[in-house]
Amino acid sequence: MSRRSETGQVQSVRKAMDLLACLAQARGPLSLGELSARTGIPKATAHGLLSSMRPSAVVEQSAEDGRYRLGIRLFEYGCVVSRDWNVLEAAAEPMRRVAEETGETVSIAALDRGEVLVLDCADAHSDLRVVSEKGARLPLHCTSQGKLLLAYLPEARRRGLLRGCDFTVYTPHGHAGAASLEAELADILERGYAIENGEYRIGLRSVSAPVFDVNGQAAYAVCVVGMFRRINSPELERAAGLLLEAAERISFGLGYRGSYGRETNYAAN
């Protein structure tokens with residue numbers, strides 16, 4: 001059993017992180033003895049930790065001299081993190097423009113462990129606005145971001161998430177089960193964007209549009225939320241148009257070159 005320190009840290013995990021940090025700082029392969037000397041971790045302990053990490057390709061060992069180096073799996077993890085940061089960079093200016101044009105809050109979110117995770121926000125300079133927070137988690141079934149991300153998922157994964165959804169009804173406008181929600185998801189795919197009509201908070205309405213990555217996956221949802229009078233109000237319709245343009249620009253910044261149904265040319269903008 002792994003020991004825990006007084007601060008609740010698992011000692012074996014901390015030591016494994018120390019070994020990875022040592023390899024990263026060395027910028028080259030190290031022997032078991034060198035790793036032990038530099039980290040202060042006994043050879044036997046270091047060998048056991050390195051052997052545990054090798055099958056996952058977190059570290060690799062040379063068949064020629066037995067030296068260790070960082071593994072390819074860390075590169076894969078880094079690429080995932082890099083993609084998230086790249087989308088924030090690509091989204092910053094388009095989101096700011098929509099916030100300024102509408103006077104409402106704009107956010108970008110992704111699907112994470114069965115919830116909507118808000119990655120970033122652009123707040124309008126207005127006294128009356130809905131404030132969103134980075135890092136906030138929102139339900140899937142009653143937010144425009146969640147419904148949009150669900151709509152663009154492969155069928156098997158979408159149905160799996162719906163089976164695990166508790167369908168908490170926050171307002172009288174919310175979906176109480178998968179059947180009614182799936183009917184709306186089909187409409188979202190046909191329309192190209194999702195609308196929330198006071199399903200999560202009374203009086204709030206929002207629109208979300210898909211942001212596609214370089215592989216053509218709808219990996220993110222960009223959203224504008226506010227106290228629009230009704231879903232067919234001119235203000236919300238205008239916000240939807242601006243949001244779709246922003247989603248196109250963000251997708252273009254991520255390398256997506258597919259069609260949104262009209263000609264676009266952002267390369268020179």
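In helix 6, Arg158, Arg159 and Leu162 meet Ala178, Leu181, Glu182 and Leu185 of helix 7, where contact means heavy atoms within 4.5 Å and helices (H or I, at least four residues) and strands (E, at least two) are DSSP runs numbered from the N terminus. The residues of this contact comprise four nonpolar, no polar and three charged; Ala, Val, Leu, Ile, Met, Phe, Trp, Tyr, Cys and Pro count as nonpolar, Asp, Glu, Lys and Arg as charged, and the others, Gly among them, as polar. The axes of helix 6 (residues 155-163) and helix 7 (residues 178-191) come within 11 Å and cross at roughly 145°, with axes being lines fitted to C-alpha atoms over the stretch in contact and angles running from 0 to 180 degrees between N-to-C directions.

The model is predicted, with local features needing pLDDT of at least 70 and side-chain atom pairs pLDDT 80 or more, while totals for chains, interfaces and linings use all residues. Residues are numbered from 1 along each chain as its sequence is written, and side-chain values use heavy atoms, leaving out hydrogens and water. The pLDDT (the predictor's confidence in each residue, from 0 to 100) averages 88 for the protein, and 89% of the residues score at least 70. Over residues 262-269 the pLDDT is below 50, and this stretch has nine contacts in the model beyond near neighbours in sequence. Where pLDDT is low, the predicted coordinates should not be read in detail.

Turning to isoleucine 108, its contacts, leaving aside neighbours within four places in sequence, include Val87, Leu88, Met95, Leu119, Val211 and Val222.
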